Amino acid sequence: MLIDAGAALAEGAAAAARARAAAAIGITRQLIAGCDGPAPDSDFGITSLNRRRRVLARGRAGEVDWCAAADARRPDHARDQIARASQRGAVAVDLFTAGADELAQDMAVVEASRRGLPIRLADAALAAELARAHPRAAFVCSAPGDALPADAAMDALAARPNVHLDLATCGAVRGAIDAALQRFGPDRLLWGTAARLDVALAQLRALDVIAPGEGVLDNIRWRNALRLYKRLGGEG
Amino acid sequence: MRTDAHAFIGGVPYRDVPHPEPQILARVLAREGVDAAWVADLPSAFGDAHARNDALLDGLAPHAAVLRAVITVDPAREDWEEALARGAGRGAVAVRTYAGSAALEAVAARCAARGLPLVLAAHLEPAAAALVRSADAADVAAAARAGARVVVTGGDRAFVERALAALDALAVREARDGAARERVWFDIARIAGPSADDLAALLRAAGPARFVYGSGWPLRLTQVPKANLELLPAELAGARLADVSEIVAR
């Protein structure tokens with residue numbers, strides 16, 4: 001089994017490219033997600049993003065799950081989206097946090113965690129802070145790309161046992177996966193492709209070289225995702 | 001023959017780069033099924049380039065069958081021609097420079113005269129951007145115009161498209177030099193695969209002969225370019241990239 005625990009929403013030609021590459025890699029289940037970059041600029045934009053994710057998951061039930069987006073700058077809409085998404089089968093919440101105040105962030109975290117939904121964040125330092133303030137909530141840091149979060153932020157993040165790291169955060173940077181394994185251990189890492197399936201495939205191969213043993217690799221490939229995202233479907 | 005056109009030894013001043021030694025690179029190439037690599041000295045991008053060229057050539061010598069030295073030349077230094085001549089005399093396969101404008105053209109012209117390809121870096125990695133000058137599309141066109149065969153490393157799709165447009169503009173402006181585009185190659189290390197499919201789009205638009213295999217080791221995962229080629233659409237499967245060993249032979 002191979003679970004893509006953070007697949008960027010792809011539409012049009014990109015959707016076909018994603019499907020082709022996912023099949024070639026052998027991905028059995030995908031969680032459509034993504035909280036990096038700017039948030040959609042309106043309530044309507046967030047709602048529309050969630051609808052597109054949900055429709056995709058519904059059309060490929062058994063293969064695709066979805067993560068609901070919420071913008072903490074709009075606390076009322078965020079709470080509403082989290083509540084609706086929870087009823088509609090979302091397995092986690094992508095929380096956009098840029099420009100949001102602390103209270104609004106806390107409110108969104110509480111709303112998601114009381115519904116049993118892990119919270120995905122792109123800001124490593126903020127994820128560490130929120131994970132400290134909300135020890136019973138589950139968090140995932142996912143900041144795809146080659147610009148690694150600062151060491152201090154990664155250390156703070158790793159110190160919180162209620163935080164997982166999406167390996168998309170390591171990008172193609174050599175040494176980053178080794179460092180993530182050292183900091184988080186193999187039980188708190190998730191394999192997500194974001195928008196770069198070529199880099200994600202390279203990461204799997206790098207893990208074959210780096211990681212100690214098949215059992216450990218299976219944790220990263222799928223077992224951690226199933227344990228964390230309790231609403232993910234059964235066998236892929 | 002598959003040669004990695006984009007490899008280094010040595011580290012960077014702002015982060016730990018694990019095991020950037022020549023013997024490790026030689027082992028990685030064997031593991032990945034890559035026959036050879038063009039190897040530059042990474043610290044030379046951040047400091048006194050000429051002082052490290054001899055050390056690069058010495059360090060690669062035990063692995064001469066697979067690791068080919070790319071010396072670094074800084075035309076801001078008075079002794080750059082001497083450094084270039086010395087490196088060429090010791091068997092360097094190509095020359096890297098991080099210079100721009102007129103100085104770049106002088107290096108390119110001298111490389112052309114000596115039959116040495118010139119390697120330009122479009123990008124090393126995000127944290128290096130503030131410390132090392134990256135080549136832009138105009139640099140690529142200027143170097144090709146000066147007659148050099150140019151290998152550009154680390155460019156993404158947008159960079160490649162800008163450079164090709166600059167080369168096309170050059171061909172229109174100076175009808176005498178329409179062949180400049182044929183003297184430029186781009187490595188695929190940072191060109192995105194699916195779901196953007198940038199590599200597929202560029203191979204369709206410019207043809208696989210304009211691209212060479214490159215990884216960016218030890219800064220980047222060596223497995224990325226191979227994975228990218230494997231995930232190409234069916235009609236591009238088996239597309240044959242140029243190999244830098246062929247570029248040297250031209």
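**Notes on a two-chain predicted model**

1. Let me start in a loop of chain B: Asp197(B) sits between strand 7 and helix 7 of that chain. Please keep in mind that the whole model is predicted. Asp197(B) is not a glycine, yet its phi is positive, at about 55°. Is Asp197(B) buried or exposed? It counts as buried, because 27 other C-beta atoms lie within 10 Å and 20 or more are enough for that label.

2. Pro194(B) and Ser195(B) are joined by a cis peptide bond, with omega about 20°. Ser195(B) belongs to the loop between strand 7 (184-187) and helix 7 (198-206) of chain B. As background, most residues other than glycine have a negative phi, and most peptide bonds are trans.

3. With 14 other C-beta atoms within 10 Å, His19(B) is partly exposed, whereas Asp197(B) is buried.

4. Now to the contact between the chains. How many residues does each chain give to it? Chain A contributes 25 residues and chain B contributes 23 residues. On the side of chain A that touches chain B, helix 1 (13-25) and helix 8 (197-210) of chain A each supply at least two residues. Helix 8 of chain A gives the largest share of that side, 8 residues. Sorted by class, the side of chain A that touches chain B holds 15 nonpolar, 2 polar and 8 charged residues.

5. The largest nonpolar core has 175 residues. Which of them touch the most other members? They are Ala127(A), Val39(B), Val70(B), Val95(B), Leu118(B), Val140(B) and Ala143(B). Helix 8 of chain A provides the largest share of this core, 8 residues. In general, nonpolar side chains in soluble globular proteins tend to be buried together.

6. In chain A, the axes of helix 5 (residues 124-133) and helix 6 (residues 151-158) come within 8 Å and cross at roughly 25°. Helix 5 of chain A is therefore roughly parallel to helix 6 of chain A, and their crossing is left-handed. Ala124(A), Ala125(A), Ala127(A) and Ala128(A) of helix 5 meet Ala153(A), Met154(A), Ala156(A) and Leu157(A) of helix 6. This contact has 8 nonpolar, no polar and no charged residues.

7. In chain B, helix 4 (residues 101-114) and helix 5 (residues 137-145) pack at an angle of about 35°, with their axes 8 Å apart. The crossing of these chain B helices is right-handed. Leu104(B), Glu105(B) and Ala108(B) of helix 4 face Asp139(B), Ala142(B) and Ala143(B) of helix 5 in the contact. By class, the residues here are 4 nonpolar, no polar and 2 charged.

8. Pro149(A) lies in the loop between strand 6 (139-141) and helix 6 of chain A, and counts as buried with 20 C-beta neighbours inside 10 Å. Neighbours within four places aside, Pro149(A) contacts Ala124(A), Ala143(A), Met154(A) and Thr169(A). Ala85(A), in helix 3 (residues 75-87) of chain A, is buried too, with 25 C-beta neighbours inside 10 Å. Its C-alpha atom is 6.0 Å from that of Ala68(A), 17 residues away along the chain.

Conventions: Residues numbered from 1 in each chain as written. Chains lettered and ligands numbered in written order. Predicted model: local features only at pLDDT ≥ 70, side-chain atom pairs only at ≥ 80, totals over all residues. Contact = placed C-beta atoms within 7 Å. Helix = DSSP H or I, 4+ residues; strand = E, 2+ residues; numbered from the N terminus. Nonpolar A, V, L, I, M, F, W, Y, C, P; charged D, E, K, R; others polar. Core = buried A, V, L, I, M, F, W, Y, C linked by C-beta atoms within 7 Å. Buried ≥ 20, exposed ≤ 12 C-beta atoms within 10 Å, placed from the backbone. Axes fitted to C-alpha atoms, helices over the stretch in contact; angles between N-to-C directions. Left-handed = near helix turned anticlockwise from the far one by under 90°. Parallel < 35°, antiparallel > 145°, perpendicular 65-115°, else oblique.
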